[in-house]
Amino acid sequence: MLISGKQILQHAYENGYAVPAFNFANMENLQAIIEGAEEMNAPVIIQTTQGAIDYAGFEYLADIGIGAAQRSRVPVVLHLDHGQKYEYCLKAIQLGWTSIMIDSSLEKLAENVRKVNEVIKIARPLGIAVEAELGIIGGKEDDLKSEQDIYTEVKDAVDFYQATHCDALAIAVGTAHGIYKGTVKIDFNRIQEIREKLPIPLVLHGSSGVPLEMVSQAVRCGINKVNFDTELKLANLQALQTFMTKNPGVYDIRKMYRPCRQAMKEVVKAKIEACKATNKSWVVL
Ligand code: 13P
């Protein structure tokens, strides 16, 4: 079933688990996520970046995302990941996305607040969750400043929340989008401190390559949504390369993509298990 991001994140916040969020850009990718969540009997967030939308088309991703969610046995949220333009957020809302991220984290604080409030104004009356970001999450957004300048400051998070009352906040605590170059270091104390001060779900981005036990620890410290993208892409690539090496000359896309879908599904299931983090049950709606 397709549900609102607000509903599921609130339940996760109250019950101390995280809802895993996976990016999709095509059918196999989406099927791997939904089937994985169904096999684990877990709620899931399927999310699209602006890049995925530019690749596949807004309406097309709405059709397959909403269709798959409606047919699913588990609660599914359709989320816009790293929405940067107001127009994109508006169009996603019009097409049926049930959760929106407006990412203005590279702007000055006041401008970030202004842009987030602009989206909240249209999303809130419709019951659609709005996720914002504060701090600079490494990877695609890095090589700008030192560690201390990019991590989310506890005081900034409090000020930002008071100025926006956003539904969820992505915080920078050491993770990075994409493939890690060095060892993963997460500032768990910072997660806990922000969690103690803010009455909303916190989001961990850049979670591919983070050891599963660290994901669970971040959840126990107060993270309620965990984003994964790169590891699904890598699983897909590896499965395709293995298949093509073993089966040179095969050109039937059904044969090629079956093992890819299976490989992505295995990654999805492992991440879901890590997000559960405690023995409490998942959402029951
Ligand atoms: P990874 O690609 O590192 O998993 O990050 C995904 C993400 O945070 C999407 O917003």
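A nonpolar core is a set of buried Ala, Val, Leu, Ile, Met, Phe, Trp, Tyr and Cys residues joined through side-chain atoms within 4.5 Å, where buried means under 20% relative accessible area, exposed means over 50% and partly exposed lies in between, judged with a 1.4 Å probe on protein chains only. The model is predicted, so local features need pLDDT of at least 70 and side-chain atom pairs count only at pLDDT 80 or more, while totals for chains, interfaces and linings use all residues. Residues are numbered from 1 along each chain as its sequence is written, and side-chain values use heavy atoms, with hydrogens and water left out.

In soluble globular proteins, nonpolar side chains tend to be buried together. Here the largest nonpolar core has 78 residues, and those with the most contacts inside it are Trp 97, Ile 100, Leu 169, Ile 191, Leu 198 and Val 226. Its largest share, seven residues, comes from helix α4, residues 58–71; helices (H or I, at least four residues) and strands (E, at least two) are DSSP runs, numbered from the N terminus. Apart from this core lies another, of 15 residues, including Leu 9, Ala 12, Val 19 and Ile 137.

Rings of Phe, Tyr and Trp (its six-membered ring) pair if their centres lie within 6.5 Å, and planes under 30 degrees apart count as stacked, over 60 as edge-to-face and the rest as tilted. By this rule there are three aromatic pairs. One of them, formed by Phe 22 and Phe 228, is stacked, at 5.5 Å centre to centre with 25 degrees between the planes. Because Phe 22 lies in strand β1 (residues 19–23) and Phe 228 in strand β8, this pair ties together parts that are 206 residues apart in sequence. Phe 22 is buried at 0% relative accessible area, and Phe 228 is buried at 1%. The rings of Phe 58 and Trp 97 have centres 5.3 Å apart and planes at 90 degrees, so this pair is edge-to-face. Phe 58 sits in helix α4 and Trp 97 in the loop between α5 (86–95) and β4 (99–102), 39 residues apart. Ring pairs link Phe 58, Tyr 88 and Trp 97 into a cluster.

We turn now to annotated positions. An unreviewed UniProt entry marks His 82, His 177 and His 205 as "binding site"; UniProt positions are given in the numbering used here, feature names are shortened, and annotations may be inferred rather than shown by experiment. His 177 lies in the loop between β6 (168–171) and α9 (188–197), and its side chain makes a polar contact with the side chain of His 82 at 3.2 Å. A polar contact is a pair of N or O atoms within 3.5 Å; within protein, one must be able to donate a hydrogen and the other to accept it, and residues adjacent in sequence count only if both atoms are side-chain atoms. His 205, in the loop between β7 (202–204) and α10 (212–221), is buried at 1% relative accessibility, and its side chain makes a polar contact with that of Glu 131 at 2.9 Å.
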